[in-house]
Every structure is written in structure tokens, then in C-alpha cells.
2 protein chains.
Amino acid sequence: MKPQPTTTNEVEQWGIFEWSMQGTMEGNPYTDISLTAHFSKGYRKQDITGFYDGNGTYKIRFMPDDLGEWTFHTSSNDTALNGLKGSFTCIPATSGNHGPVRVSGNYHFVYADGSPYAPFGTTCYGWASSGDELAEQTLKVLSEAPFNKVRMTVLDQKEGRKQILPFAGSFEEGFDFRTFNPDFFHHFEQRIVQLGELGIEADLILFHPYNKKNGLTRLMNANDDDFYLKYVLARFSAFRNVWWSVANEYDLVLSKDTNDWERLINIVSEYDPYRHLCSIHNSQVIFDHRHPGLTHMSIQCQSYDKWNRLTESIPDWREQYRKPVILDECGYEGHASRFWGSVSPQEFVRRCWHGIVMGGYVGHGEAHSTGKGVWTGNGVNLIGDSPERIAFLRHVIENAPAQRLEPQTLGRHIPCVGKPKQYYLAYLGINQPKDLEILLPTNGSYQIEVIDTWEMTITPIDGTFSGHCRFPLPAKPYMAFQITLVP
Amino acid sequence: MKPQPTTTNEVEQWGIFEWSMQGTMEGNPYTDISLTAHFSKGYRKQDITGFYDGNGTYKIRFMPDDLGEWTFHTSSNDTALNGLKGSFTCIPATSGNHGPVRVSGNYHFVYADGSPYAPFGTTCYGWASSGDELAEQTLKVLSEAPFNKVRMTVLDQKEGRKQILPFAGSFEEGFDFRTFNPDFFHHFEQRIVQLGELGIEADLILFHPYNKKNGLTRLMNANDDDFYLKYVLARFSAFRNVWWSVANEYDLVLSKDTNDWERLINIVSEYDPYRHLCSIHNSQVIFDHRHPGLTHMSIQCQSYDKWNRLTESIPDWREQYRKPVILDECGYEGHASRFWGSVSPQEFVRRCWHGIVMGGYVGHGEAHSTGKGVWTGNGVNLIGDSPERIAFLRHVIENAPAQRLEPQTLGRHIPCVGKPKQYYLAYLGINQPKDLEILLPTNGSYQIEVIDTWEMTITPIDGTFSGHCRFPLPAKPYMAFQITLVP
């Protein structure tokens, strides 16, 4: 009888049951050894692919979504790893663990436990590969920032930089793309966990077009891509706060075509047992989001000549694809030479609010030079005027008496979302009316509050309103207002 | 032999040769009497339709465009008006008379004498029908304002207001649409002349959808429309500063369809001997501007949900119709309840500049309440912050070393117009870069001047530039810059 490894007896719902075992170190375990754990709980069955973690250690990671006792047994071509059995008990999630984020109501999101989740993301491409000192500083900033999602690259290594590499080898001597460096993954996984502890989703960019001349991606071929992707999926899928961004600016990766991207999306769909949220981010050409593996849109401006249009196109994309729309790049606050990085905070905050009232979501980015690069490059310092306003917007959304707000009609040309006969949130952007006429339902009395999105104030208007009504506004740009049924 | 009326012997080029004569007062001269003058000068022939001006007076107005002696004779079914002959000498235009404005270079305009004309228009619909006191005040404001075109309605009369009516009759007792009131036209023509004296084009709105319940237009049928239009053309065409706007918001006139509008445009083409500029202004649906009678586009925002898009669509419209694009309504500065009238001056001025660098033109409007209505309704007072910035923009355009500026490429995503290898004008809108990289031609050295479109300053950058170059900018929104070849 084989020795049975000790299992953790209790794992919380959407926590990680991780099971380590020793197997062969001969040959190349990454390519030679297959390992699957077959989990079951009553009629529920789930196969989980294991992975080699170096030094003869093999691991299975499983994120249970159902309370009670789970049992499993293993299959492997390594006899030391084959036929092993075990069990654990899935116990209720602890406070702060809401499970992974799912799509809800076609155009919105929700945590697996039903808690509301509206994405207020930011982009820090390389923060997890910037070294421990800078990464810890980034985490500190994130702990005080309003963001609940971070877009970040897995492969951010390039020649001539001190860093932990994901593959065996080096830029100088070449890489072995069939041999991973477990140390890289241990570090990276720590960052995913730390984000999770801050309540932040890790939107992992799996491929990207950057560092064309001195980066890893230029060296990998299609087989390398698939091998890397499956390993990443086996390691990272059990983290509840992971999202997949198959690529950033996929259309700038000249070595891949639509068939390649569809193949990679299909691998994600097939090898992620939990079907985490999955997107592919464009530069100029929006991917065909009818692909069933894509759970939502992760869009950026297609033409900077027409940047104003981005949030205005949200209704069209909703209509076209019937999926949530996140404008993960909507320009960055800053003074950079390039148009994408020279957006004023007023305009950036306008885009955030306008995105919401168009029925979508807008992600943050910052291109201010801080002496440690720029936030969107590798994190570290956040100095712009947008984040506190995004915190305010998030406060408004999360404290609204309704979630998953859908477009509503209050009157002509008033961008508005809400829940009918209960709550309305409208945003007037650069318009500066001194008053407004609207048509409210007559199911009761409504309170109107004027929201100054720049000064971050919420001011109730005297009285209550119903039916056709007119109310005063401060005749300033960047005003919103919310209307709530009086209980 | 018939008595020959005395003619004015000398008329300046693009001035008016007006010839009065007495004819029958019996019956209805407006409908019964036809009168044409056949002008000729060498091989040039021009038939001009006369009109009845009341009290037995008939008039011929002719705007000569060619220097030298013109002769004419008349044809009429009134023997008193038939077979009359005369002549006059066309002398050179006096200073300030540049003739009518024409299309030039597909997308631009020029005066008939070749002087540059770039439209910086405003809208004062009813100023000419607002009574002498208010109209004189409007003229005073216009004399100090930056506008060189005014959109104004001919039929601005409505029930319950003291006014001079264009037709015989009254709202109370009904109108005779076959009998005009010469007094109305004398007044109106005086306003056209006064605008001309200020160097302002009179963009005459011939039909509009307003005052549906208490206005003249609701009472007129298609035959009335045609009769009125031909009379207006006979009277007004000889004024060199007239433009025809066949309708304002034509698509809101529910009693007319596309065939009606095409018929009316065709009447303008046929009965205006000088082919003044002619447009038709939309509300939601842009007219098919392939119609040869339309010389340019006079556009407004099609959807206020997407107001940002208006100037950005200029390149598409240029491409589609190959005609000049004027955004005659691009929102109005003000604090009105409606979105079209609550645009901040910063945003309005942005639209004006952005329109220019997209290869079009933007017209002004103001919806601030002044105690005498709003400027765009009937003129009188102009209190916004846009006009002085429009004056500054006009100053920049008119002092540029090139005219009829066409889209140019200086670098990625930099909206720019200019004349290749000579002059470039770029505008950065809400972007606030601290510096910029551009690619200049290498035919010589260029001077770069930074233009603060809001503060209205022009600041040269030290040194000269050529080829690939980088230059500093103030890291503020609303900056433009111009680049001029050093002679």
C-alpha cells in the first residue's frame, strides 16, 4: 500500500485545497509526467490537472465551491503519483472571501456568494516583476487605493534587467521553454494572494506584444505558448481572484493571427476548471467577442483621434455582444507625449462616470512620471487626482440601493442608469444646466441628491419629487444626480 | 416711345443695380404680373426676375459681377413694364466689398474677389423681427463680435406678438399668401444691408419647424411655399452677402417630405441667378448632400447622447460628400435645461478649435438668459466667454501664412491642418502633454509657437525645428501650436 500524503482537513469554500507529493525527478518532469486528480462530492465530479513544482514535488490545487466532504484519487504515468487518495471538508467561507467574480445580468458582475462586485480596475503591467521592494510599495499604495482589479502581465521579463525568470535559461544563453522556474511562480503566486487579501482581482495578462526586441514573448513559438499557458492554468486557476486576459493589444502581436488567439482562448476554456472571467484586449481592432470563451469585453480606444467616443460606444457593444463592457484602457491621466497618456484628471474622471451611465465600466491608468517610472508601467507611486474621485464613484455605486444598474430613461438626452421605480443615477458630464426637467414614475415619492463628481459632495435637494418635475442644479460641469424612492 | 426710367449710371462690382418702374395696380400684381429684365454685356447674358414692391412700383435688382457696360431690356405682360431698356456701368468694387462667398478647394470658402473667407458664424434666429430697438442693439453687439455670418429666420412671426407681417392679413383674420407686405421686406432688406456693412454674411433660414401652433409656417401649403420662395429669391438674391439655408431642422417639419425639400432646393437653384451658397440644416437626420443644389453642409448634432462626436465626424462627411462642412449648431454655451444649451465655454471653444483641425468650421450659439431672451433666439446681448476666444481663433486663422488649411500628418494622433511644407496648425484639446514628438519636413527650418486657446496667448518656442523633433508644451489642456516655415 502506498503512503498517503497528509491532507489539509478543512478548506473554506473558494479557498485552495493544495496537496503536495513527491514523484520522479528523472528526465523532464514538466513534459514527461502527467498528473490528474479526480475530485468528487456526491454527483459532483471535477478533474484537476496537477503540476510539477521542482525538486521532485508535484502539486494539485483545487478550489472547492460546494460545502461538505470532497474525496479524490490521482492518475499519473508516474507510479509514485498514481492511485493516491484523500479527502477534505469544505467549510463556509470566512469573512472577506466572496469567491470568484462571475458575469451576472448579461452586462454586470457578481461574486460567487452573491455579493455585489462592480469593477474599478487599474493597470500596473509589471508590478509583480519589479522586485520585492517596489512590489511591496505598490501593495501598500493599492491597500489605500480604490481599485478592486489590477491588470498585470505574467511575462514582463526582458533582457538586461535583474529579475527572476519564469523559464530555465537566460537571455544570454537561451531558454528552455519546457522547463519552468518554480521560484518565479512562487513569487508571482504570492502577489496574487496578496492582491486577494486586499480584495483585488488579479487580471492576468498572459501574452502581450511588448519588448519585441528584448523580451521573452518574441522567443516563444506556438508550442511554447500552449505549454506555458497550460502550466499557468494548472498553477493559477485555483486562486479565486484570478481573471484571464489572454492578451494585451493582441492585434499588435504580429506573429499570431486570429486562429492562434482562438486556440489560446479555447485552451483557457478547456483547462481552467472554474471558468474564471476571460477577455482579450485590443489595440486597434476589437476581437470578435461572439467567441463563447470570452466572458466580457476588455476594450481600449481604437482611435485616439476619436477618444471621446469610447464610453459613448458602450451601448453599441452591449447590443452587439450581450456581454459586460469594461473599458480597461480609456486613456491615462498624465502629461506624457503620447495622447493615451496625457489625459487631464477632469476628463479621466468624466470618462469613468460616463462609462457607468452608459452601462459599462472604466479602468484606471496613470502615466505621471514619479521618478520610479509610471504607475501603469510598474506601480510604485500613484500621484494623480483621479483615484480619489474614483473612490468616490465607487462609494456612490456600492452604496446605491440597487446594483447592476441598467440604462433608464429620465428625459431626453440624460445619460442614466438605475433600477426602475427604485433608483436612478444620471451624469451630465461637461453640460452645466442650471436646472433640469425629468419624468419620474409615480409609484411614490423620490429624493433627489446632487452629486458633484469633482468636489466629491452629495447634496440632497429639499422636498420630494414624483412624475413630471423640475429641479435646480449648480450650473457647473461634472455634475451627477441620484434619485431614490423614499421608503 | 415709352418713357425710360432713369438708371443709376455706375454700380460697383457685386453692388446692386436697382431699377424701379411704375406699372399696374389692378388685380393682384404679385400673381398677375410677370417681369423679367434681360441683362447683357458682350456675350454675357443674364435674365433677372423682377418683383412687385407695392403702390404700383416694380423693381429689378441685379448684382453685376463683371466690369464694364451692361445693357438690358424688359419683358412683361404689363405693357407699361414691357420693352423698357437701359444700361449702367459696372465699376470696380470699393474697399470692403469682396463680393459673394463661394466654395473653394472643395472644403473651403473664398470671396468672389479671391479674398480669404473662413466662416465664424453665429445664430440669432429672430433678431431681424425683434423690433427696431432690439435689432439696433444686436447690430451694435455684432459690430464688436467676431462673427462673419449670422443664421437668421425670415419667417419669425407668430400669433400674439407685435410685429410687421410679411403677408397681407393677420393671424386673427387669416392671411392672403398671394399678397406680400412690402414694408416687411423693406425692413428685412435693411438688416441684410446692415450686416453686409459689418462684413457679415446673412445666412437666411427660409423655412423652419418652429411656432407650430402659432406661427406662419403652419398655415402655408406647398403652393404658398413656392410662391413665397420665388418672391424672396427675386428680392434678396442681389444682396451679395446672402446665403440660403433652405430650412432649419428640416426633418422636424412634419408636413414636408424629401420631395418637398428637393423641390424647394431646386427652386433656389433655378431662381437665384448668382448661385449663392445654399444649405439645408438637419435635426436628427442629415439630408442627402449629394444634391447638386447644396453647396455645403450645415450640420448639427444628431444625437445629444453623442455630442462629443460632432467635430470628430467632419472627416467622414468631407469624404462622403466632398463639400465644406459647417457645424452650424454644435451646442450652445449656457446653462439651459436642455443639453444643447448647457455647454461650458471651455467645451464650446474646444469644439470650435477641434472643428478647424478636423477640416471643418463650427458656428457659435449662446443660450445664456440675459433678461432679453437668449442671443441665439433673438440676439440683443452676448454675455458668454466663448466669443472672445472665437475672435482669437479667427485672428489665428486669418493671420496664418496659408488659407484653406487641409488635414496634415505631423505625428500619430495629432489633429492638424495646414499647407504642406509651409504651415501647420495643430490642436490638442483636453490632452495635456508636457512635450510632443513630431516629424516635420526638411525643406527648411520651422518656428513653433504654442497657442493657449483659452488664455489667448501665442508663445514662440526658442530655436527652430526640422525633421524629427521634440518640443515642450505647458502640460495644460486646450493647447494648440502652429508651425511656420522660416522664410
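Start by selecting domain 1 and domain 2 of chain A: 16 residues of domain 1 are in contact with 13 residues of domain 2. Here, contact means that the C-beta atoms of two residues, placed from the backbone, lie within 7 Å. What you have open is a predicted model, where local features need pLDDT of at least 70, side-chain atom pairs count only at pLDDT 80 or more, and totals for chains, interfaces and linings use all residues. Residues are numbered from 1 along each chain as its sequence is written, with chains lettered from A and ligands numbered from 1 in the order in which they are written.

**Stop 1: the domains of chain A**

Now colour α1 (29–32), β4 (44–49) and β6 (57–62) of chain A, the elements that give two or more residues to the side of domain 1 that touches domain 2. Helices (H or I, at least four residues) and strands (E, at least two) are DSSP runs, numbered from the N terminus. β4(A) supplies the largest share of that side, three residues.

**Stop 2: strand β29 of chain B**

Move to chain B and select residues 479–485, which form β29. Six of its seven residues are buried, that is, with 20 or more other C-beta atoms within 10 Å of their own, C-beta atoms being placed from the backbone.

Next, show two partners of this strand. β24 (residues 423–427) of chain B pairs with β29(B) in the antiparallel sense over five bridges, pairing being called when DSSP finds at least two bridges between two strands. Look for B:Tyr424, whose bridge partner in β29(B) is B:Ile483. β26 (residues 446–452) of chain B is also antiparallel to β29(B), with seven bridges; there, B:Ile451 stands opposite B:Ala480.

**Stop 3: where the chains meet**

Show both chains. The contact takes 26 residues from chain B and 26 from chain A. On the chain B side, highlight α6 (309–312) and β25 (435–439), the elements that give two or more residues. β25(B) gives the most, with three residues.

The same surface serves both copies, as 100% of the contact residues of chain B recur in chain A.

Definitions and conventions. A residue is buried if 20 or more other C-beta atoms lie within 10 Å of its own, exposed if 12 or fewer, and partly exposed in between; C-beta atoms are placed from the backbone.
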